[in-house]
2 protein chains.
Amino acid sequence: MRILVVGANGTIGTAVVNELKGDAEVIKASRSNSDIKVDITSTDSIKRMFKEIGEIDALVSTTGAAHFGPFEELTPELNSIAVNSKLLGQINLVLLGLPYIRDNGSITLTTGILMDDPIVGGASSAMANGGVRAFVKSAAIELPRGIRINSVSPNVLEESMDHYGPFFQGFESVPAKRVALAFRKSILGAQTGQSYYVY
Amino acid sequence: MRILVVGANGTIGTAVVNELKGDAEVIKASRSNSDIKVDITSTDSIKRMFKEIGEIDALVSTTGAAHFGPFEELTPELNSIAVNSKLLGQINLVLLGLPYIRDNGSITLTTGILMDDPIVGGASSAMANGGVRAFVKSAAIELPRGIRINSVSPNVLEESMDHYGPFFQGFESVPAKRVALAFRKSILGAQTGQSYYVY
């Protein structure tokens, strides 16, 4: 089984790679320092990546940027960071990668708790999360050749609390290792159209 | 009370105007044949509209285009129709219109049942709906000056069943008049951060 993990250098990406490397050939993709480079905000870069790596059994995305900041300072331009990365970056991985996914393969994208449990400064990220969750639910009923699709919505990570803790008051952080289990369930299980909440 | 209804010529827009015209001054905006013209896919057009109409008590959007078609034919380019119209068109109305909304005013956007109950061909629309719903929930905790924000998620409309019925097998269509009640609740009630489901 060949698994492509986009965002493999991030905290969740690293945990997912560790979770799966005993069961599969894992191809690590990220903006730098990986098996293959990709910029998910560029459709050309996504196309090049898939052309280079060829067929896979599982597409995993654990990446996506978004602007965080006070709502009154959110502009269409700042909001476009999340639109082009966390929302369309992940969705374009699906649209452009689908022909490279083998029969009965799977796709797993990442959303996040802010769509359900908002914090100050998180509206743009929440938008991207909500868009990805709904896209996944709808795409699942149409994917061809037995291909499945799910999304994973992590709480704030234990590993990120040093940096982000002050913004997530009262949230019960979760270890990336626990989030990685949801990816294992999506990839090696049989469900489709699900949003796995790691809250 | 001054209410701006963007998309006032649509089936839901017309019903909202009829629902509210006895209680407020309603300014109708749409791409043509209205009190004021606006193209929500253009931030310049949105800015011009607000500059021309000035202060309002309620911003209502009942509009937003999306591409419908088989998932395997969905490209990043076709998906951008929903991104630029139903998703960002509505969100940019909020980001650019906020300074024009009076203290204790309200904002009401439109999503749709496809984010919860998908149909073939609806993934791009579902994405936009889910993004708007999550954005609204998050924005609500940060809006200044007592301004509230909600979204309304209609089922397929009775009025649209001649055209769209074949795509919505088994859906219980609702009259636009019933959808308009949810807008009344959002505008004249006191709740915020809600998604009103007219299913």
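# Legends to close-up views of the predicted model

**View 1. A salt bridge joins Asp23(A) to Arg184(A) in this predicted model.** The closest N and O atoms of Asp23(A) and Arg184(A) are 2.7 Å apart. The two partners come from distant parts of the chain, 161 residues apart: Asp23(A) belongs to the loop between helix 1 and strand 2 of chain A, and Arg184(A) to helix 6 (residues 176–188) of chain A. Asp23(A) is partly exposed, its relative accessible area being 43%. Arg184(A) is likewise classed as partly exposed, at 25% relative accessibility.

**View 2. Asp57(A) and Arg102(A) form a salt bridge through their side chains.** The N to O distance in this pair is 2.9 Å. Since Asp57(A) lies in strand 4 of chain A and Arg102(A) in strand 5 of chain A, the pair ties together parts that are 45 residues apart in sequence. Arg102(A), by contrast, is partly exposed, with a relative accessible area of 31%.

**View 3. In chain B, Arg102(B) and Asp57(B) meet in a salt bridge.** Their side chains approach to 2.9 Å, N to O. Arg102(B) is located in strand 5 (residues 101–110) of chain B and Asp57(B) in strand 4 (residues 56–61) of chain B, so that distant parts of the chain, 45 residues apart, are linked. Arg102(B) is partly exposed at 29% relative accessibility, whereas Asp57(B) counts as buried at 16%. Elsewhere, in chain A, salt bridges with shared partners connect Glu19(A), Asp23(A) and Arg184(A) into one network. Over all chains the count of salt bridges comes to 14.

**View 4. The open sheet of chain A contains seven strands.** Their order is 3-2-1-4-5-6-7, and the pairing is parallel. Strand 3 (36–37) and strand 7 (195–198) of chain A are the edge strands, each of which pairs on one side only. Within the sheet, strand 5 of chain A pairs with strand 6 (residues 148–154) of chain A in the parallel sense over five bridges. Helix 1 (residues 11–20) of chain A lies across strand 1 (2–6), strand 2 (25–30), strand 4 (56–61) and strand 6 of chain A. This helix runs at about 165 degrees to strand 1 of chain A. Helix 2 (residues 43–53) of chain A lies across strands 1, 2, 3 and 4 of chain A, and its angle to strand 1 of chain A is about 155 degrees.

**View 5. Ser106(A) is a buried residue of the sheet in chain A.** Ser106(A) is part of strand 5 (residues 101–110) of chain A, and its relative accessible area is 1%. Which residue of strand 6 of chain A does Ser106(A) stand opposite? The residue opposite Ser106(A) is Arg148(A). Not counting residues up to four places away in sequence, Ser106(A) touches Asp57(A), Ala58(A), Leu59(A), Ile101(A), Ile147(A), Arg148(A), Ser186(A) and Ile187(A).

View 6. Phe71(A), Leu95(A) and Glu142(A) provide 22% of the area that chain A buries against chain B, more than any other three residues. The contact involves 40 residues of chain A and 40 residues of chain B. How many salt bridges cross the interface of chain A and chain B? The rule finds zero.

View 7. Of the 78 residues in the largest nonpolar core, Phe135(A) and Phe135(B) touch the most other members. Asn79(B) lies in helix 3 (residues 76–97) of chain B and counts as buried at 1% relative accessibility.

Notes:
Residues numbered from 1 in each chain as written. Chains lettered and ligands numbered in written order. Predicted model: local features only at pLDDT ≥ 70, side-chain atom pairs only at ≥ 80, totals over all residues. Heavy atoms only, no water. Helix = DSSP H or I, 4+ residues; strand = E, 2+ residues; numbered from the N terminus. Buried < 20%, exposed > 50% of the residue type's maximum accessible area, 1.4 Å probe, protein only. Contact = heavy atoms within 4.5 Å. Pairing = 2+ DSSP bridges. Axes fitted to C-alpha atoms, helices over the stretch in contact; angles between N-to-C directions. Core = buried A, V, L, I, M, F, W, Y, C linked by side-chain atoms within 4.5 Å. Buried area = accessible area lost by both parts, 1.4 Å probe. Salt bridge = Lys/Arg side-chain N within 4 Å of Asp/Glu carboxyl O.
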